[in-house]
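Good morning, and thank you for joining.

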Amino acid sequence: MTRNSRSRPAERLAMAVTRFASRGAAFLIALALVVLWIATGPLFHYSNTWQLVINTGTTVVTFLMVFLIQRSQNKEALAMQLKLNEIVAALEGASNRLVSIENLSEKELMTLHAHYATLAEMAKRDIDLLKSHSIDEAEARHQSKLGSGRGPHAAESSQQGQKKHRAQEPHQPPGG
């Protein structure tokens, strides 16, 4: 039995309502109800009861939608956090302390923020964007990733291959 087939009826209903509410048809239905309510105004002489109908309806719908929106945002945030955790865990050289960083205290987060703010300032001082983001760097990164599945020294041999390949290329003057 799959996870989706075991989910509770209330959860399936919430997911179905969320999907429906995000479609254009839901907006058109809501618009039609408002137009119908406005059209019936003269029939009910714009009475307090007539006004109460739309006020109550919109209040109830808004109240329920807040919970659906919050649920949807929580699910999306969790999925994004898991994707980021996977990237951090997979990147060589990335600190595994950043996996599940959302569980750290505010003081710990501020310490890490200061660390990365310092790195950002150091990067700003390196004005030469062409130097820090060169084609050679991109090629070396790509080769390093291609070679990572062949053993611990694959990245080094890929970089050596890159240097050898560049040495064989005809010399081009800067800017040309």
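I begin with the basis of the model and then turn to the features themselves.

This is a predicted model, in which local features need pLDDT of at least 70 and side-chain atom pairs count only at pLDDT 80 or more, while totals for chains, interfaces and linings use all residues. Residues are numbered from 1 along each chain as its sequence is written, and side-chain values use heavy atoms, with hydrogens and water left out.

First, the pocket. The largest pocket holds about 420 Å³ of space. A pocket here is an open set of points on a 1 Å grid over the protein atoms alone, where a 1.4 Å probe fits, with protein on both sides within 12 Å along at least five of seven lines; lining residues have an atom within 4 Å of a point. Its lining comprises 17 residues, and Ile 29, Ala 30, Leu 33, Gly 57 and Val 61 lie nearest the centre. Helices α2 (9–21), α3 (24–39) and α4 (48–90) each give two or more residues to this lining, helices being DSSP runs of H or I with at least four residues.

Next, the backbone. His 45 has a positive phi of about 55°, and Tyr 46 has a positive phi near 50°. Most residues other than glycine have a negative phi. His 45 is exposed, at 69% relative accessibility, whereas Tyr 46 is partly exposed, at 47%; exposed means over 50% relative accessible area, buried under 20%, and partly exposed in between, with a 1.4 Å probe and protein chains only.

Conventions: Points joined across faces, edges and corners; volume = space filled by probe spheres on them.
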